[in-house]
Amino acid sequence: MTLTVSELVGAAGGGALGAALGALAAFSLMGVIVVVATGLATVGPDTPLVGDLAFGPVFGPHVLFAGGAAAAAYAAYIRAHDSGRDIAQPLISYNRMSILAVGAAFGVLGQILARALAEIPKVHTAVGAEVQVIDALAISVVLTALVAAALWARTPNSERMPWVPWQHDATAVITIGLMGGAVAGSVYLAFPADARAMAPLFLYGMSAVTLLALVFGKAVPVTHHITLPAGLAAGIIAAHTDHAIWILVAAVVAGLVSAVVAEGWARLVLERCRMHLDPPAVAIAIMAPLLALVQLGAG
């Protein structure tokens, strides 16, 4: 693994930007870039914008979002911010440059972790196709959050705080999981056949864009951890059958499972935590090896 000065500087800038904007607004910005980059990639498959820009050392969630989340935890620790769980507030409003510095430091840490995790070798199916067994960016987001929690949010809350109140109960979790999976499967099928590899990332970006509404206090479903695995599951099944019904079933099942995993993490861990330990990142990190096993089993 070789890290360049430019990517470390970019990661520092991206982490500071995530802190300044607030993790949630920064994540929505990333979503816009992902949508544009994946759209361009469907026209010109050789474009490096998806990997180098949308998920690169400046705008990738492991830098931009993770830096903002860690900075929120630090801001709450120094009593500048009401709660480390609040990732919607632009932290630049506190005029404390140490908060942006924390974002920068965690942006660099997130990039280093993501690059190190990306070195884990891929495995091959029986027919020789490469399978990435982990999602390095999602794991990096989880690890940086745990580091920030160890530094500034070790004491649990006395009262439980639901993650997303309007998709907290079992009926809502199941409904949104099924809905997100159905949307993901349908969008996957709507993509041109030679560009369907971009569909899961496009879905992830679209889901991220919708979260901008949360910054303004409007209730929207959180679905990026649903649509991404669902789109990937659709791709796994599409490699073995052209029947749309099976592709849709795979997407719906993956969406439901991922929704349950995210809510499970929220209830077991996040609800008592003083900072945001991202349930979607945990769900994506868990779903990646599960989907890899399915792909390896399918051959």
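The model is predicted, so local features need pLDDT of at least 70 and side-chain atom pairs count only at pLDDT 80 or more, while totals for chains, interfaces and linings use all residues. Residues are numbered from 1 along each chain as its sequence is written, and side-chain values use heavy atoms, with hydrogens and water left out.

Let us begin with the rings. The structure holds six aromatic pairs. Rings of Phe, Tyr and Trp (its six-membered ring) pair if their centres lie within 6.5 Å; planes under 30 degrees apart count as stacked, over 60 as edge-to-face and the rest as tilted. Helices here are DSSP runs of H or I with at least four residues, numbered from the N terminus.

Buried means under 20% relative accessible area, exposed over 50%, and partly exposed in between (1.4 Å probe, protein chains only).

Phe27 has another partner. Its ring and that of Tyr204 have centres 5.9 Å apart and planes at 90 degrees, so the pair is edge-to-face. Because Phe27 lies in helix 2 and Tyr204 in helix 8 (residues 199-210), the pair ties together parts that are 177 residues apart in sequence. Both Phe27 and Tyr204 are buried. Ring pairs link Phe27, Phe55, Phe65 and Tyr204 into a cluster.

On a 1 Å grid over the protein atoms alone, a cavity is a set of points where a 1.4 Å probe fits but cannot get out, and a pocket is an open set with protein on both sides within 12 Å along at least five of seven lines; lining residues have an atom within 4 Å of a point. A search of the whole structure finds three cavities of 30 Å³ or more. The largest cavity holds about 50 Å³ of space, a volume being the space filled by probe spheres set on the points, which are joined across faces, edges and corners. Phe65, already met in the ring cluster, is among the residues that line this cavity, including also Val141, Met275 and His276. Helix 4 gives the most to this lining, with four residues.

The largest share of the lining, three residues, comes from helix 4.

Val123, Ile286, Leu290, Leu293 and Leu296 make a nonpolar surface patch of about 380 Å². Helix 12 (residues 279-298) gives the most to the patch, with four residues. Leu293 lies in helix 12 and is exposed, with a relative accessible area of 58%. Patches are made of residues with over 30% relative accessible area and no salt bridge, with like charges joined within 9 Å and nonpolar side chains (Val, Leu, Ile, Met, Phe, Trp, Tyr) within 5 Å. A salt bridge is a side-chain nitrogen of Lys or Arg within 4 Å of a carboxyl oxygen of Asp or Glu.

Note on methods:
Areas by Shrake-Rupley, 256 points an atom, 1.4 Å probe, with all protein chains shown as cover. Helix = DSSP H or I, 4+ residues; strand = E, 2+ residues; numbered from the N terminus.
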